[in-house]
Amino acid sequence: MISKSNIGSANTFGLARLVRLVNPVMRLGFLAIAGFATLAHASYDVNIPPPATGIASEIYDLHLYILIICVIIFVLVFGAMFYSVFKFRKSQGAKADVNFHESTLIEIIWTVIPFIILIVMAIPATKTVLAMKDTSNPDLTIKVVGYQWGWQYEYQQDGLSFYSSLATPWSQVGQPGVPASEPKGQNYLLEVDNPMVVPVGKKVRLLITSNDVLHGWYVPTLGVNQYGIPGFIKDSWFKVEKAGTYKGQCSQICGKLHGYMPITVVAKDPADYAAWVKEAKGKFAIKSDASVAADTPPKVAAIVDEPGKKWTLGELKQAGESLYAANCAACHQADGKGNPAMKAKALDGSPVVIGAKSSQIAILLKGRPGTLMAGFDRLSDVELAAVSTYARNSWGNKTGDMVLPADIKAARK
Amino acid sequence: MTATTHTADHADEHHDHKPYGLSRWLFTTNHKDIGTMYLLFGLLMAIVGGFLSLGIRAELFMPGLQILQPETFNSFMTLHGLIMVFGAVMPVFVGFANWLIPMQIGAADMAFPRMNNWSFWMLPPAAILLAASFFVEGGAIQSGWTLYPPLFTQSGIAGDMTILAVHILGASSIMGSINIVTTVLNLRAPGMTLMKMPLFVWTWLITAYLLIAVMPVLAGAVTMLLTDRHFGTSFFNAAGGGDPTMFMHIFWFFGHPEVYIIILPAFGIVSQIIPAFSRKPLFGYASMVYATASIAILSFIVWGHHMFTVGMPAAGQLFFMYATMLIAVPTGVKVFNWIATMWRGSLTFETPMLWALGFLFMFTMGGFTGLVLAITPVDITLHNSYYVVAHFHYTMVAGASFAIFGGVYYWWPKWTGKMYNESAGKLHFWWTTIGFNLTFFPQHFLGLAGMPRRIPDYALQFAEWNMISSIGAFFLAAGQIFFMITLYMSYKSGQPAKDKQWEGADSLEWTHLPSPAPYHTFEVQPVLK
């Protein structure tokens with residue numbers, strides 16, 4: 001296979017380095033053609049963004065290398081076409097040479113030459129394929145799980161696990177017929193609440209899967225684009241060379257909010273990374289339910305159970321509100337009125353919500369097969385208790401009762 | 001080609017008995033009537049699919065959600081693909097086949113005229129099922145035209161309507177293909193050997209074999225989706241021991257030959273037009289036939305290039321990369337042959353020739369981006385990005401549709417007996433070419449910059465090119481309204497066309513038949529030397 005030093009090196013062939021010079025020329029050319037030179041502040045990128053890993057650099061170079069070969073062929077072939085178009089016009093008195101319609105020699109030549117060009121293209125491509133596939137000897141392994149619609153990252157060595165979802169407020173997005181109430185920020189649709197954090201210069205292996213439908217973990221500047229397939233784990237890897245923030249999005253259509261599940265990777269120097277791990281342990285440590293209570297103070301967003309704790313309706317409802325906003329409101333809407341276009345039922349006044357607790361809990365845990373309602377068994381007992389209590393006592397719903405973590409625990413069995 | 005001439009004109013006068021009104025079209029077994037219905041059906045579906053694409057481009061005009069809910073956007077995107085592929089492009093090419101194959105091989109009609117009627121009349125119910133799926137609970141499916149589970153499995157009743165529609169369309173295609181194969185192999189005029197057939201007939205013969213080979217595979221795939229949804233099987237459900245990746249393998253085993261099913265008849269049309277306006281025989285006729293067959297055979301071993309991001313082993317990625325790159329060889333041969341046909345010719349540039357040259361130029365650009373995407377590492381960074389959208393629209397629109405437009409202008413005089421307005425045809429060509437490039441060229445840049453496809457809303461750095469693309473799309477669509485007006489005007493009040501409208505045309509429909517071609521042709525077959 002490929003040696004380790006080879007994998008890390010950015011440019012494996014020299015021609016591509018030269019062709020990089022073409023880049024500014026290309027961009028200027030397109031700007032001039034499009035006539036947008038006056039709008040220099042706007043983004044008229046015409047090429048792959050600057051790569052941040054060795055593999056992404058190889059991809060970048062490969063692309064330019066292939067592109068340049070294609071442009072040369074294009075000029076030659078269409079040079080011949082346009083020459084014919086101008087030279088052999090009937091209106092210029094051109095007479096057809098009807099005997100020129102077969103030539104075995106010419107046909108052999110233009111079969112063999114393209115074949116040779118393809119071999120020249122395939123050699124560097126093969127090297128990169130083998131390098132991309134070599135996920136051996138990682139310094140760090142992160143399991144990535146796709147959800148409708150967000151990501152979960154599990155750092156197996158560091159014992160961390162957290163969800164990462166869109167941080168752009170919906171007020172910047174707007175609705176059909178209702179303009180966005182806030183201006184769009186710089187990182188519109190590319191910002192997340194909890195980014196994946198990785199150390200610079202370390203080989204990070206990703207184990208990618210999905211909880212529901214296909215997703216695609218796609219960060220172009222890292223040279224990674226890998227489907228998450230439910231029931232299967234696939235791997236990929238990257239090694240970031242420079243501290244920074246790298247952005248991507250879900251690449252495989254996964255339903256309603258496919259366009260709203262961005263990816264952010266923050267690469268930190270090893271010391272900063274170690275500091276982040278220490279800090280993250282407080283929030284994101286993987287623990288059993290019992291130990292969580294022992295060393296983590298309850299937070300507004302994260303609600304935890306304590307053995308023997310007497311929950312009040314107000315506590316559960318208050319915690320349920322933010323959980324509802326994060327997990328339910330995208331479909332069922334903040335006002336609980338649902339969204340008929342996607343079969344998201346109204347929770348306000350719903351017989352399931354205000355009826356027997358057991359049927360509400362069953363749907364929360366298992367979802368409704370055949371609809372977009374997924375099961376939320378990934379949430380903890382207390383989180384599910386909070387969100388169902390919230391739904392039972394919000395908007396027009398006034399059951400006055402609450403669902404306790406113990407109810408959820410019993411229903412899970 | 002010389003032949004014992006037969007006065008086909010007389011057939012026009014004495015044998016032109018056909019029912020009038022609706023029953024003519026419902027019960028017709030005439031290949032020309034059926035061809036016309038296929039073409040009009042394809043036009044109608046293209047209008048529906050075009051409307052959906054304008055919805056998509058309108059929503060993408062600027063960031064944020066303005067017009068469509070995300071789920072409606074997904075349905076528009078999905079049905080745009082399904083309708084354009086199965087409802088517009090494929091039926092239009094079958095329409096060409098119906099009209100032209102019997103006339104070009106000197107046959108009186110298709111081999112199975114009643115099956116021909118049936119294969120057309122299966123299409124409207126399928127189209128109605130697809131269109132109606134927008135109005136059922138949950139709306140039309142949102143999984144993209146590839147129908148990938150598990151997302152597809154989450155669909156409401158629209159999922160079942162789509163499965164049924166795909167089954168019907170598949171059965172129609174299989175019947176049409178069997179008809180074409182049988183006609184070409186059995187009903188050729190004496191002396192019309194296989195290697196004398198016009199290239200359009202050759203490309204359709206090969207296409208028909210592709211269809212017969214892969215449509216049952218698609219039918220199997222959607223049947224498995226159906227039983228996964230309703231009968232408790234787990235073909236594609238990992239929880240029950242199945243594998244979503246298996247669907248992708250099966251789908252693309254159908255799907256890649258499918259894209260050649262769409263492009264090979266386009267090659268055939270262009271191979272008729274370029275020699276006609278170069279006044280010179282097609283260069284390398286035999287190698288064109290072999291290249292077409294090679295492309296068809298290779299199409300069965302490249303499906304994995306649609307799946308470079310599922311995580312297949314290195315050996316699989318390398319195999320599919322090499323096999324895919326190999327397709328460039330026969331495709332290159334075709335492009336070189338077309339250019340060599342023009343070389344030392346005597347060229348004129350009537351509307352059909354403009355479309356053929358536009359096809360040649362822009363389809364080749366789609367071929368080059370195809371080569372870029374064949375390179376596995378580059379594909380991985382561009383997979384499911386707008387670069388892919390640009391690539392396949394260069395092959396499907398600038399490829400297949402440009403050939404269709406060229407073919408319509410080329411055979412319009414033979415079909416209707418009327419000439420279209422040459423200036424209007426040329427204007428339509430330039431209008432479409434500019435609109436097309438304005439729409440799709442910027443999408444290469446969006447894909448390179450990392451914009452995923454199938455999203456209703458996007459980050460701010462993608463805004464400028466998206467706006468240009470949307471403006472281009474509306475400009476492009478307006479040009480097609482102009483196209484329909486041009487043809488309507490010609491149909492109503494065009495100048496009468498000559499029997500051999502194009503000086504360089506040499507296939508039987510031009511050399512042996514009047515314009516418009518009479519209802520029944522070649523009741524006595526011509527004998528070719």
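Trainee: So helices (H or I, at least four residues) and strands (E, at least two) are DSSP runs numbered from the N terminus. On that scheme, where is Leu189(A)?

Mentor: Leu189(A) sits in the loop between β3 and β4 of chain A. Keep in mind that this is a predicted model.

Trainee: OK, β3 next. What strand order does the open sheet that includes β3 of chain A have?

Mentor: The order is β3-β2-β1-β5-β8, five strands with mixed pairing. From one strand to the next, the twist averages 25 degrees.

Trainee: How many bridges join β1 to β2 in chain A?

Mentor: Six, between β1 (residues 140-147) and β2 (residues 150-155), and the two strands run antiparallel. If you want one pair to click on, Gly146(A) has Trp151(A) in β2(A) as its bridge partner.

Trainee: And β4 of chain A, what order does its sheet have?

Mentor: That one is also open, with five strands and mixed pairing, in the order β4-β10-β9-β6-β7 of chain A.

Trainee: Why is one side of β4 and of β7 in chain A left without a neighbour in the sheet?

Mentor: β4 (196-199) and β7 of chain A stand at the edges with a single partner strand each, so one side of each has no neighbour in the sheet. Ignoring direction, neighbouring strands here are turned by 25 degrees against each other on average.

Trainee: Do β4(A) and β10 of chain A pair in the parallel or antiparallel sense?

Mentor: Parallel, over four bridges, with β10 covering residues 262-268. Met196(A), for instance, has Val265(A) as its bridge partner in β10(A).

Trainee: Switching to the interface. How many residues does each of chain A and chain B put into the contact?

Mentor: Chain A gives 96 residues and chain B gives 106. About 8,700 Å² is buried between the two chains, and carbon and sulfur atoms give 69% of that area.

Trainee: Which three residues supply more than any other three of the area that chain A buries against chain B?

Mentor: Phe100(A), Trp110(A) and Ile253(A), which together supply 8% of it.

Trainee: Where do Glu503(B) and Lys90(A) lie?

Mentor: Glu503(B) is in the loop between α17 (463-493) and α18 (508-511) of chain B, and Lys90(A) is in the loop between α4 and α5 of chain A, so this pair joins two chains.

Trainee: Last one, on cis peptides. What is omega between Pro149(B) and Pro150(B)?

Mentor: Omega is about 0 degrees, and the bond is cis. Pro150(B) lies in the loop between α6 (123-132) and α7 (157-186) of chain B. Another cis bond joins Ser515(B) and Pro516(B), with omega about -10 degrees. You'll find Pro516(B) in the segment after α18 of chain B.

Methods: Residues are numbered from 1 along each chain as its sequence is written. Chains are lettered from A and ligands numbered from 1 in the order in which they are written. This is a predicted model: local features need pLDDT of at least 70, side-chain atom pairs count only at pLDDT 80 or more; totals for chains, interfaces and linings use all residues. Side-chain values use heavy atoms; hydrogens and water are left out. Two strands pair if DSSP finds at least two bridges between them. Axes are lines fitted to C-alpha atoms, for helices over the stretch in contact, and angles run from 0 to 180 degrees between N-to-C directions. Contact means heavy atoms within 4.5 Å. Buried area is the accessible area (1.4 Å probe) that two parts lose on being put together, summed over both.
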